[in-house]
Amino acid sequence: MKKIVITGASGLVGFHMRCAFHAINCALNFKGLENKYEIVAVDRQLFNDSPALVEALRSCDAVVHLAGVNRASPDEVANGNQRIATRLIECLEKAGSTPHILYSNSTHALGYTGYGKGKRDAATILAD
């Protein structure tokens, strides 16, 4: 079974991502087969609890990184997205996990707004 961690799991895209994985598991169960995915939902509260976040990331196969800041001052948005990406990487290192990371970036990353800068910088942090 693949362990998939979804950050921003209580947001719009995160909710639908969880539903899609759940539907795959349900279809397999209907056929009498084992679940293919263990889904770990990471929300804002878990990002504020280092030991819990490290445990959630332990032995994961993939992280779908949807968490981010998009409603605040330009500086808070830029810094918030960088901070979240940095925290994710720090906790992955503490967990000893090296999963595939799928990052939900934005076309705004090409622009010069606080949101664009934050998304662009978060992508760089995750890529490094």
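Predicted model: local features only at pLDDT ≥ 70, side-chain atom pairs only at ≥ 80, totals over all residues.

Tutor: Numbering runs from 1 along each chain as its sequence is written, and side-chain values use heavy atoms, without hydrogens or water.

Take helix H4 (residues 74-95) and helix H5 (residues 114-127). The axes of H4 and H5 come within 7 Å and cross at roughly 15°. So H4 is roughly parallel to H5 (angles under 35 degrees). Their crossing is right-handed.

Which residues of H4 and H5 make the contact (heavy atoms within 4.5 Å)? From H4 come Pro 74, Val 77, Ala 78, Asn 81, Gln 82, Ala 85, Thr 86, Leu 88 and Ile 89. H5 supplies Gly 114, Tyr 115, Lys 117, Gly 118, Lys 119, Asp 121, Ala 122, Ile 125 and Leu 126. By type, ten of the contact residues are nonpolar, five polar and three charged. Gly counts as polar here.

Now the rings. The structure holds one aromatic pair (ring centres within 6.5 Å). The centres of Phe 21 and Tyr 37 lie 4.8 Å apart with planes at 70°, so the pair is edge-to-face (planes over 60 degrees apart). Phe 21 sits in helix H1 (residues 12-30) and Tyr 37 in strand S2 (residues 37-42), so the pair ties together parts 16 residues apart in sequence. Phe 21 and Tyr 37 are both buried (under 20% relative accessible area, 1.4 Å probe).

Notes. Axes fitted to C-alpha atoms, helices over the stretch in contact; angles between N-to-C directions. Helix = DSSP H or I, 4+ residues; strand = E, 2+ residues; numbered from the N terminus. Parallel < 35°, antiparallel > 145°, perpendicular 65-115°, else oblique. Left-handed = near helix turned anticlockwise from the far one by under 90°. Contact = heavy atoms within 4.5 Å. Phe/Tyr/Trp six-rings, centres within 6.5 Å; stacked < 30°, edge-to-face > 60°. Buried < 20%, exposed > 50% of the residue type's maximum accessible area, 1.4 Å probe, protein only.
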